[in-house]
Amino acid sequence: MGFRKVNEDDILSDLLSCREDYLLGRTTEEDKKHNICIDAISERILKNVPEQNKKYVQEQLEQLDDNFLDYICYWNEKFYRNGFVDGVQMILGCVE
């Protein structure tokens, strides 16, 4: 089962974007404990890589970071959007 086809400028995308901005500005100490420190980890790895391999390793770490972000966005989109739509459909089914 894939995503339902929706426009990128739909109200749920706007809501998720605003929610993300809000949450990023309101992180708690507990939230910070679970932060993924890609930059710090990458820096430590690069400090221990021979100079001739640094460029390649850095490119791979950047690719890993991009891939991880895509992964997180995919699952958030899948569960938030589809879960929201499923909930609305259940409510509408009860009303009809």
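**Notebook: the α3 and α4 pair**

I began with direction: α3 and α4 are roughly antiparallel to each other. I checked the reasoning: the angle between α3 and α4 is about 160°, and an angle over 145 degrees counts as roughly antiparallel. The axes of the two helices lie 10 Å apart. I noted the limits of each helix as well: α3 covers residues 38-47 and α4 covers residues 51-95.

Next I looked up the handedness of the crossing. α3 passes α4 in a right-handed crossing.

Which residues of α3 meet α4? On the α3 side I listed Ile 38, Ser 42, Ile 45, Leu 46 and Lys 47. On the α4 side I listed Lys 54, Val 57, Gln 58, Leu 61 and Asp 65. Sorted by class, this contact of α3 with α4 holds five nonpolar, two polar and three charged residues.

I then stepped back to the whole protein. I kept in mind that this is a predicted model. I found four helices and zero strands, and along the sequence the pattern reads α-α-α-α.

How much of the protein is buried? Of the 96 residues, 10% are buried.

Last, I looked up the confidence. The mean pLDDT of the protein is 80, and 74% of the residues reach 70 or more. Which element has the lowest mean pLDDT, and which the highest? Helix α1, residues 11-24, has the lowest at 67, while α3 has the highest at 94. I noted that α3, the helix with this highest mean, is also a partner in the packing with α4 that opened this entry.

Terms used:
Residues are numbered from 1 along each chain as its sequence is written. This is a predicted model: local features need pLDDT of at least 70, side-chain atom pairs count only at pLDDT 80 or more; totals for chains, interfaces and linings use all residues. Side-chain values use heavy atoms; hydrogens and water are left out. Axes are lines fitted to C-alpha atoms, for helices over the stretch in contact, and angles run from 0 to 180 degrees between N-to-C directions. Angles under 35 degrees count as roughly parallel, over 145 as roughly antiparallel, 65 to 115 as roughly perpendicular and the rest as oblique. A crossing is left-handed if the near helix is turned anticlockwise from the far one by less than a right angle, and right-handed if clockwise. Contact means heavy atoms within 4.5 Å. Ala, Val, Leu, Ile, Met, Phe, Trp, Tyr, Cys and Pro count as nonpolar, Asp, Glu, Lys and Arg as charged, and the others, Gly among them, as polar. pLDDT is the predictor's confidence in each residue, from 0 to 100. Buried means under 20% relative accessible area, exposed over 50%, partly exposed in between (1.4 Å probe, protein chains only).
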